[in-house]
Amino acid sequence: MGLFSMGTQMAMYVIFARLIVLFTSMPVHEFAHGWVAHKLGDDTAYYQGRLDFNPLAHLDPFGTILLLFTGFGWAKPVPINPRNFTRKISLRGGVALTAVAGPVANIILAFFTLLLFKILAYFIPMGNAVSIIAQILSLMVSINVSLAVFNLLPIPPLDGYNIVSYFIPAKWEYTIMQYQQYIFLGLMALMMFTNILSGPLNILTGLIYKLLNFATGFVDLIAMML
């Protein structure tokens, strides 16, 4: 009974953490795309009401359900028009820069969440309420890292593809885009029914965790000196 209760409690924490991510990290991820595009001269996202932190402007129904029940998902892509870029940057370079902004936003959010987690763990007496908050923060770090890693996969229409497409010959890119719907469905099937991608994903996830732990290492040093 105790084990069942603990398992149920943890499941509730996971769902709650995913809900927080849905209403914070997802809008920030999409806002980052629109903000970088805006800085490059494209105001498409602004005029369509997507340069906004309002979750309702960004959440995709299917991507939301997937995130709640699987831990990975997506929001509605922010529209950009590379032909509006006015900065001195190539069209494909601007697309890549706009694409990388989303995963970077998730990693930055993971950094601040991990920072808060460490502050709680080291400097706040660990009562029940603090323990629950710490567990939720830890889950939020994990979910943000997972979202960044998922979106960095070089599969259309994910951000990773828009980054690597900078290096792909234009004729190949056109062919890939013709079949992107089937490629993405294949990715979903691989992730839901096989472990074939777990190796590469775990490697990238581990690297990001090491980076975050290093970046927040000053909190560990302060705690050791006190």
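At what angle do helix H2 (residues 25–39) and helix H5 (residues 91–123) pack, and how far apart are their axes? The legends below start with that pair. This is a predicted model, in which local features need pLDDT of at least 70 and side-chain atom pairs count only at pLDDT 80 or more, while totals for chains, interfaces and linings use all residues. Residues are numbered from 1 along each chain as its sequence is written, and side-chain values use heavy atoms, with hydrogens and water left out.

**View 1. H2 packing on H5.** The two helices meet at about 145°, and their axes are 8 Å apart; axes here are lines fitted to C-alpha atoms over the stretch in contact, with angles running from 0 to 180 degrees between N-to-C directions. Helices are DSSP runs of H or I, at least four residues long, numbered from the N terminus. The crossing of H2 and H5 is right-handed, which is to say that the near helix is turned clockwise from the far one by less than a right angle. On the H2 side the contact (heavy atoms within 4.5 Å) uses Ser25, Val28, His29, Ala32, His33, Val36 and Ala37. H5 brings in residues including Leu97, Ala101, Pro103 and Leu109. Sorted by class, that makes 10 nonpolar, six polar and no charged residues; Ala, Val, Leu, Ile, Met, Phe, Trp, Tyr, Cys and Pro count as nonpolar, Asp, Glu, Lys and Arg as charged, and the others, Gly among them, as polar.

**View 2. The salt bridge between Asp220 and Lys118.** The structure has one salt bridge, a term that asks for a side-chain nitrogen of Lys or Arg within 4 Å of a carboxyl oxygen of Asp or Glu. In the Asp220–Lys118 pair the closest N and O atoms are 2.9 Å apart. For Lys118 the value is 7%. The Lys118 side chain also has a polar contact of 3.0 Å with that of Thr216; such a contact is a pair of N or O atoms within 3.5 Å, where within protein one must be able to donate a hydrogen and the other to accept it, and residues adjacent in sequence count only if both atoms are side-chain atoms.

**View 3. Asn151 in helix H6.** Asn151 belongs to H6 and counts as buried because its relative accessibility is 8%. A polar atom of the Asn151 side chain lies 2.8 Å from the backbone oxygen of Leu147. Leaving aside neighbours within four places in sequence, Asn151 is in contact with His29, Pro103, Leu158, Asp159 and Gly160.

View 4. From Pro156 to Pro157 the peptide bond is cis, with omega near 5°. Pro157 is in the loop between helix H6 (128–151) and helix H7 (159–164). Most peptide bonds are trans.

View 5. At the start of H4 (residues 61–70), a side-chain oxygen of Asp60 comes within 3.2 Å of the backbone nitrogen of Phe62. Gly63, Thr64, Leu66, Leu67 and Leu68 are buried in this helix. Just after H4, Gly71 has a positive phi of about 95°. Pro77, in the loop between H4 and H5, is exposed at 66% relative accessible area. Not counting residues up to four places away in sequence, Pro77 touches Glu30 and Arg50.

How values were computed:
Buried < 20%, exposed > 50% of the residue type's maximum accessible area, 1.4 Å probe, protein only.
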